[in-house]
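Colleague: I am new to this one. Could you show me the structure and talk me through how its aromatic rings are classified?

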Amino acid sequence: NHISFISRGKSLTMGTWNGPVKQLGKKHGVRYKHSKYLNGDKKILLISDKSNEETVEIFNIKSNKSKNYVLNIGRIINVKKSPTKDDFTFINHKHELYLFSPKDGKALKVDRSEYDFIQTNWSPCGKFITYNCSITSRCSIIKIYDISKKKIHSITSPINKDSSPSFDASGKYLTFISISL
């Protein structure tokens with residue numbers, strides 16, 4: 001019933017058909033990015049540059065109060081939310097993949113892609129994360145991270161470049177783009 005968006009570094013929410021536009025966070029001096037609703041649509045995750053550090057903030061929409069986490073993982077360039085839980089994947093400027101849970105406020109480093117960017121997707125059940133990871137400067141493979149076992153599984157062979165992994169709606173099949181010349 002609501003949408004959340006970022007405009008010129010300000011986080012805004014509004015009803016889809018009626019109601020006012022409401023600004024979350026500080027009015028001036030802080031830029032926000034990566035607005036993501038938590039389950040229940042009562043809280044929003046935002047990344048801010050508060051205190052000149054990347055800060056993860058969980059805002060309560062009604063009270064406009066936030067819980068802040070300074071993770072010291074670098075500049076966050078991508079955020080994806082689990083389809084079933086309030087867990088998130090973060091990708092930073094160093095091509096590192098992190099799993100963040102607001103419950104404990106910690107970010108677990110899952111993997112690092114040495115030479116190329118990472119693209120992630122969650123399984124529909126929220127138990128697995130699939131992503132591409134470079135092996136060499138010319139080769140990347142698809143991996144799956146099992147959250148409960150904390151184990152990484154390599155899915156493809158290192159032939160050339162595999163990218164853009166995504167589970168189908170049932171979670172049984174994995175699709176990806178492969179360049180194998």
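**Aromatic rings**

Modeller: Gladly! F90 is buried, because its relative accessibility is 0% and buried means under 20% relative accessible area, with exposed over 50% and partly exposed in between (1.4 Å probe, protein chains only). This is a predicted model, where local features need pLDDT of at least 70, side-chain atom pairs count only at pLDDT 80 or more, and totals for chains, interfaces and linings use all residues. Residues are numbered from 1 along each chain as its sequence is written, and side-chain values use heavy atoms, leaving out hydrogens and water.

Colleague: Why is F100 called buried?

Modeller: F100 has a relative accessible area of 0%, so F100 is buried.

Colleague: What makes F90 and F100 a stacked pair?

Modeller: Rings of Phe, Tyr and Trp (its six-membered ring) pair if their centres lie within 6.5 Å; planes under 30 degrees apart count as stacked, over 60 as edge-to-face and the rest as tilted. F90 and F100 are 5.3 Å centre to centre with 20° between the planes, so they pair and are stacked.

Colleague: And why is the pair of Y69 and F100 edge-to-face?

Modeller: Their ring centres are 5.4 Å apart and their planes stand at 70°, so this pair is edge-to-face. Y69 is in strand β7 (residues 66–70) and F100 in strand β10 (residues 96–101), 31 residues apart.

Colleague: Which residues do ring pairs link into a cluster?

Modeller: Y69, F90 and F100.

Note on methods:
Helices (H or I, at least four residues) and strands (E, at least two) are DSSP runs, numbered from the N terminus.
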